[in-house]
Amino acid sequence: MASVWVGNRGTIKDYPGFNAPRDAEAIRKAIRGIGTDEKTLIDILTGRSNAQRQLIAREYKAAAGKELKDALKGDLSGNLERIMVALVTPPAIFDAKQLKKSMKGAGTDEKALIEILASRTSKQMKEVSQAYYTVYKKSLGDDISSDTSGDFRKALLTLADSRRDESQRVDEQAAKKDAQILYNAGEKRWGTDEDKFIEVLCFSSIPQLRLTFDEYRNLSGKKIEDSILSELSGHFEDLLLAIVKCVNNTPAFFAERLNKCLKGAGTDEFTLNRILVSRSEIDLLDIRAEYKKLYGVSLYSAIQSDTSGDYRTTLLRICGGDD
């Protein structure tokens with residue numbers, strides 16, 4: 001069965017000469033020695049697919065009697081530790097943990113919530129919800145409910161519940177009808193009918209939404225994102241804009257997020273790790289191309305000038321190449 005976490009535009013693929021026991025043994029030596037051999041850890045963990053890393057982790061546990069992620073946590077620290085642990089975490093569990101982290105403690109990290117829920121497919125979200133329940137013994141929906149409110153909450157819950165249609169068929173009449181519904185719900189009336197925006201943007205399939213957005217433009221003379229900007233506000237507006245961006249061009253959405261976390265007063269390593277790791281087997285090649293197109297420099301060079309040491313080496317390996 002094909003994994004819903006593997007696309008064909010990733011920078012990391014299955015390693016052809018893969019041998020799990022051999023890799024596990026090399027990692028055990030790298031961790032056990034006096035001082036950690038980071039180079040070996042980086043070579044192996046960035047040079048294998050996530051599915052292969054799971055097999056390495058299983059071999060490691062059998063041989064060393066402890067979880068690989070715990071061994072990495074005990075031996076590394078800071079950003080390097082976080083990205084190495086991310087690499088050995090199964091994708092659905094990784095997303096679940098990122099969602100938990102964005103809702104834990106004082107204040108919610110809405111940007112992370114929005115990024116994950118706007119960009120994942122229904123099939124992916126089904127796995128994330130299951131993983132969330134397995135790890136935390138609480139439903140993702142319950143945590144989102146107690147952490148957010150209003151239309152923002154309603155839209156997030158729809159996405160978390162995998163309600164988006166996944167079919168590739170498009171229906172032109174339905175697109176015209178939905179465009180009219182959006183127009184009537186926003187531009188055409190006093191006050192906005194937010195529910196209608198949720199109904200269309202959180203339930204329709206991605207190809208269907210592309211068609212609906214085209215029809216919307218024909219009908220109103222405006223891009224849907226311009227109407228969202230003028231009609232809505234707050235986190236709800238941010239979420240719907242993120243959905244529109246992902247519908248139009250998911251790699252460009254991530255390129256923009258990466259640029260924000262690499263620019264300015266300090267690097268946002270949490271976002272950087274999350275995007276590079278979670279997109280490394282899906283569409284990181286396309287994200288790199290969009291980055292170059294949007295910002296005139298390669299993602300590789302942006303990472304290079306913004307990070308250092310073994311952490312930088314790891315990120316650049318995941319990034320894959322300079323454009």
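Reader: Which residues of helix α14 are buried, and on which side of α14 do they lie?
Author: In this predicted model, the buried residues of helix α14, which spans residues 224-231, are I224, S227 and I228. Around the axis they cover an arc of only 100 degrees, and therefore they lie on the same side of α14.

Reader: Which elements do the buried residues of α14 pack against?
Author: The residues in question are I224, S227 and I228. Their packing partners are α11 (172-185), α12 (194-201), α13 and α15.

Reader: How are the rings of Y132 and Y136 arranged: stacked, edge-to-face or tilted?
Author: By the rule for ring pairs, the count comes to four aromatic pairs. One of them is formed by Y132 and Y136, with 5.0 Å from centre to centre. Both residues lie in helix α8, four residues apart, which is about one turn of the helix. Planes under 30 degrees apart would count as stacked and planes over 60 as edge-to-face, whereas the planes here stand at 55 degrees, and the pair is tilted.

Reader: What kind of pair do the rings of Y183 and Y216 form?
Author: The ring centres of Y183 and Y216 are 6.5 Å apart and their planes stand at 70 degrees, so the pair is edge-to-face.
The pair links distant parts of the chain, with Y183 in helix α11 and Y216 in helix α13, 33 residues apart. Y183 is partly exposed at a relative accessible area of 23%, whereas Y216, at 0%, is buried. The answer for the rings of Y183 and Y216 is thus edge-to-face.

Reader: Which element gives the largest share of the lining of the largest pocket?
Author: The largest pocket holds about 650 Å³ of space. The elements that give two or more residues to its lining are α7 (110-119), α8 (122-136), α13 (206-220) and α15 (234-262). The largest share, four residues, comes from α15.

Reader: How many residues in the lining of the largest pocket are charged?
Author: The largest pocket is lined by 28 residues, and S119, T121, I206, T250 and R279 lie nearest its centre. By class, the lining has nine nonpolar and 11 polar residues, and the number of charged residues is eight.

Definitions and conventions: Residues numbered from 1 in each chain as written. Predicted model: local features only at pLDDT ≥ 70, side-chain atom pairs only at ≥ 80, totals over all residues. Heavy atoms only, no water. 1 Å grid on protein atoms, 1.4 Å probe; cavity = no way out; pocket = protein on both sides within 12 Å on 5 of 7 lines; lining within 4 Å. Points joined across faces, edges and corners; volume = space filled by probe spheres on them. Nonpolar A, V, L, I, M, F, W, Y, C, P; charged D, E, K, R; others polar. Buried < 20%, exposed > 50% of the residue type's maximum accessible area, 1.4 Å probe, protein only. Arc of directions from axis to C-beta. Contact = heavy atoms within 4.5 Å. Phe/Tyr/Trp six-rings, centres within 6.5 Å; stacked < 30°, edge-to-face > 60°.
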